[in-house]
Amino acid sequence: MENFRGYLLPAVSLLFATSVLFILILSSSGYYFSSFGVISFNSTASNFEFKSSVPTADLLRTVSVSDHEIQAVRFTGSTNVLKRESSARVLSKNEQLKQGLARARASIRKAASTQNVSSIIKNGVDFVPSAAIYRNPGAFYQSYVEMERRFKVYVYREGELPITHYGPCKDIYTIEGRFMSEIEHGAKRFRTSDPHRAHVYYLPFSVAWMVKYLYKPLTYDLTPLKQFVADYVRVVSSKYPFWNRTCGADHFMLACHDWGPHVSKGNSRLYNNSIRVLCNANTSEGFNPQKDVTLPEIHLYGGYVSPKLLSPPPFNAPRPYLAFFAGGLHGTIRSILLQHWKGHDKDVIVFEYLPKDQDYYSFMLKSKFCLCPSGHEVASPRIVESIYAQCVPVILSQNYVLPFSDVLRWEAFSIQVDVSEIPRLKEVLMAVPEEKYKMLKENLKAVRRHFELNQPAKRFDVFHMILHSIWLRRLNMRLG
């Protein structure tokens, strides 16, 4: 027994020394241990990577982080930087977020393969996604539920009115101000006051108000607007660690003004890395649907939906006109449309400007198809107006990414006509079988709730669909 003890003590000592040496080697290689797994700062690739026992999905995009930015996350050399919690606690929150996202992905994958959608919907829910209008109704529903359960947004407090924390809530840029108002004052479920628990970070400036207060008319000089964006990003990236941690990839801006994409160039990482939620979703001008989100353009005169659109006529009510459009001569597509159809046909009603004694919405409600051509930019409020009026939208556009097209099947409730086919427009629309037209119109009723603005917001309405699009980009992001 004494001989056994004599051998045991040196063996234990050797094992302990070996363990210490192993930990020191890992530490010098950039590995740190936590209760959830191993976090590796790969100095060769300058990447941040999380290794966990929780299975994760293959992700669509990777954001690299340089060495000096990793240091900015781990160490704070400025008194202006947000006071950090203990490293262990911060890492724990990050790991909890990662594991939550991994579980969300797993549940969405499972729901995507479910044939019976009603089997994953809880009792008492008033919404069952229709197979006709969704790419995968089960995946969409489960993703939405996971968003409600987990998704947290941190809104930076920096900035003063009117350019930050406030936006237009009526007329052409309604959606910009209404989203900002809802996320700042209404959506308590999604907003967090603890930035360490956030999945995404909102830069709450209004491009529409920048144009109003900073732009000098007729100069076409966007430098003051870009400078404001550059200054705002500089402030939050100096004061907080979150922008530098991901090069802005988990941050988002939202703008409905046509100049939103151009103003985002005020910071190259905002333009290239961040989630840009834009009405002007033009792929030929840098819109990237893999990371950016299309914002539906909703024109509310005086801030309200017309009473005529709130209660459209019965489904079988006669619609005497085949198609309708009224709008100014803005852009090439409208020029072609007006050239071929303005005042040329009693069934295809096309005005450049509607006569004052005529009512715009009455024409929409009496038409089977509503023409939605792009103007100077790709987006058109007529698309949402057509949905409200149950007038099948006819999309006449190029390089436009339609709103929520990652979950919605636009072909189920709209018609897309190539610009080259505009001279044959009547022939194309007349060729739509009556049964297909009825199906399109029926699906418009189903999809309408996703484009409605409510105050306060309601489940599955346009506010929540915008948020869901941002959630999807965050799910498909690898910060490493």
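Visitor: Quick one to start: is Phe460 buried or exposed?

Guide: Phe460 is buried, with a relative accessible area of 1%, where buried stands for under 20%, exposed for over 50% and partly exposed for anything in between, using a 1.4 Å probe and protein chains only. The model is a predicted one, in which local features need pLDDT of at least 70 and side-chain atom pairs count only at pLDDT 80 or more, while totals for chains, interfaces and linings use all residues. Residues are numbered from 1 along each chain as its sequence is written, and side-chain values use heavy atoms, leaving out hydrogens and water.

Visitor: Where does Phe460 sit, and what is its phi?

Guide: Phe460 belongs to the loop between H16 and H17, and its phi is near 70 degrees, a positive value in a residue other than glycine. Helices (H or I, at least four residues) and strands (E, at least two) are DSSP runs numbered from the N terminus.

Visitor: Which peptide bond in that loop is cis?

Guide: The bond joining Gln455 and Pro456 is cis, with omega about 0 degrees, and Pro456 has its place in the loop between helix H16 (434-447) and H17. A cis peptide bond also joins Leu161 and Pro162, where omega is about 5 degrees; Pro162 is found in the loop between strand S5 (153-155) and H5.

Visitor: And Gln390, what's its phi, and where is it?

Guide: Gln390 has phi near 55 degrees, which is positive in a residue other than glycine, and it lies in the loop between helix H14 (382-389) and strand S13 (392-396). Gln390 counts as buried, at 10% relative accessibility.

Visitor: Zooming out, how many helices and strands does the protein have?

Guide: The secondary structure comes to 17 helices and 15 strands, and buried residues make up 52% of the 480 residues in the protein. Taking contact as heavy atoms within 4.5 Å, residues 24 or more positions apart account for 70% of the contacts with a separation of 6 or more.

Visitor: Back to H17, then. At what angle does it pack with H5?

Guide: Two packed helices are described by the angle between their axes and the distance between the axes. Helix H5 (residues 174-185) and helix H17 (residues 462-475) pack at about 80 degrees, with their axes 11 Å apart; the axes are lines fitted to C-alpha atoms, for helices over the stretch in contact, and the angles run from 0 to 180 degrees between N-to-C directions. H5 and H17 are therefore roughly perpendicular to each other, given that under 35 degrees counts as roughly parallel, over 145 as roughly antiparallel, 65 to 115 as roughly perpendicular and the rest as oblique.

Visitor: Which residues meet there?

Guide: From H5, Ile175, Phe179, Glu182 and Ile183 meet Val462, Phe463, Ile466, Leu467 and Ile470 of H17. By class, this contact of H5 with H17 has eight nonpolar, no polar and one charged residues, with Ala, Val, Leu, Ile, Met, Phe, Trp, Tyr, Cys and Pro counted as nonpolar, Asp, Glu, Lys and Arg as charged, and the others, Gly among them, as polar.

Visitor: How do the axes of H4 and H17 cross?

Guide: The axes of H4 and H17 cross at roughly 90 degrees and come within 10 Å, so H4 and H17 are roughly perpendicular to each other. The residues of this contact of H4 with H17 divide into eight nonpolar, three polar and two charged. Among those meeting there are Phe140, Tyr144 and Met147 in H4, and Leu467 and Trp471 in H17.

Visitor: What do the rings of Phe140 and Tyr144 do?

Guide: There are 30 aromatic pairs, a pair being rings of Phe, Tyr and Trp (its six-membered ring) with centres within 6.5 Å, called stacked if the planes are under 30 degrees apart, edge-to-face if over 60 and tilted otherwise. The rings of Phe140 and Tyr144 have their centres 6.2 Å apart and their planes at 55 degrees, so this pair is tilted. Phe140 and Tyr144 both lie in helix H4 (residues 137-150), four residues apart, about one turn of the helix. Phe140 counts as buried at 3% relative accessibility, and Tyr144 counts as buried at 0%.

Visitor: Last one: what does Phe190 touch?

Guide: Leaving aside neighbours within four places in sequence, the contacts of Phe190 include Met147, Phe151, His464 and Leu467. Phe190 is found in the loop between H5 and strand S6 (200-202), and it counts as buried at 2% relative accessibility.
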